[in-house]
Amino acid sequence: MPEFPDKTTLELLRAGSSELLTRVVHENTEALLAAAWGLGWKGTDAEDLVQETFVTFLKAVERFEGRSTLKTYLFGILYNKALEKKRKVVREEAVDPIDEVFEQRFGSLGIWRTLPRGPEDEALANETAGLVEKCVEALPVQQRMAFFLREIEQETTESLCNILGVTVTHLGVILFRARNNVRECVQKKWENR
């Protein structure tokens, strides 16, 4: 399937071509499932989220104009569905202690007050990976999605902005906060192990 759908492909999608829709599902399920896992949804919850994404796509296929790749469009739907699902499960706190954390960790010149501790050899790499995974799962949904799509899926800035519906500047803030929160979380867990 081409990156940006041509007019014929768009018409076939809107007409409900079962062959083309089957292809869309087969080509995108694995990536969407990985993104759902990256957002912290496990097992059947992740599968349900991907299924809801495809159901929403089928309902909204008339609105898909082909100005983005189909994958980007599907990631956008997945992201919005994940937000809806998360709101149903728990309300997020609006407080982000990033400024306090920054002040505690860095001096007035921006130099670490205390260097973060990390694994010193290969034997500790698995433990560290587990800590990072737990810390990424603890991120707010938007930060987790941005972190996953940038660091794991290697999505471009333009794609991330389209998927998350944010400006380039706001994306930079989201990624900074996500990376800093993961770093802080890993350091605390490492010190308390």
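Student: Where does the charged end of Lys86 sit?

Tutor: A charge sits over a ring if NZ of Lys or CZ of Arg is within 6 Å of the ring centre and within 35 degrees of the ring normal. The charged end of Lys86 sits over the ring of Trp41, 5.7 Å from its centre. Over the ring of Trp41 sits the charged end of Lys85 as well, 5.5 Å from the centre. This is a predicted model: local features need pLDDT of at least 70, side-chain atom pairs count only at pLDDT 80 or more, and totals for chains, interfaces and linings use all residues. Residues are numbered from 1 along each chain as its sequence is written, and side-chain values use heavy atoms, without hydrogens and water.

Student: At what angle do helix 7 and helix 9 pack?

Tutor: Two packed helices are described by the angle between their axes and the distance between the axes. Helix 7 (residues 141-152) and helix 9 (residues 168-191) pack at about 90°, their axes 9 Å apart. They are therefore roughly perpendicular (65 to 115 degrees). Their contact (heavy atoms within 4.5 Å) includes Phe147 in helix 7 and Leu171 in helix 9.

Student: Is Gly38 buried or exposed?

Tutor: Buried means under 20% relative accessible area, exposed over 50%, partly exposed in between, with a 1.4 Å probe and protein chains only. Gly38 counts as buried because its relative accessibility is 13%. Gly38 belongs to helix 2 (residues 18-38). Leaving aside neighbours within four places in sequence, Gly38 contacts Val136, Arg144 and Phe148.

How values were computed:
Helices (H or I, at least four residues) and strands (E, at least two) are DSSP runs, numbered from the N terminus. Axes are lines fitted to C-alpha atoms, for helices over the stretch in contact, and angles run from 0 to 180 degrees between N-to-C directions. Angles under 35 degrees count as roughly parallel, over 145 as roughly antiparallel, 65 to 115 as roughly perpendicular and the rest as oblique.
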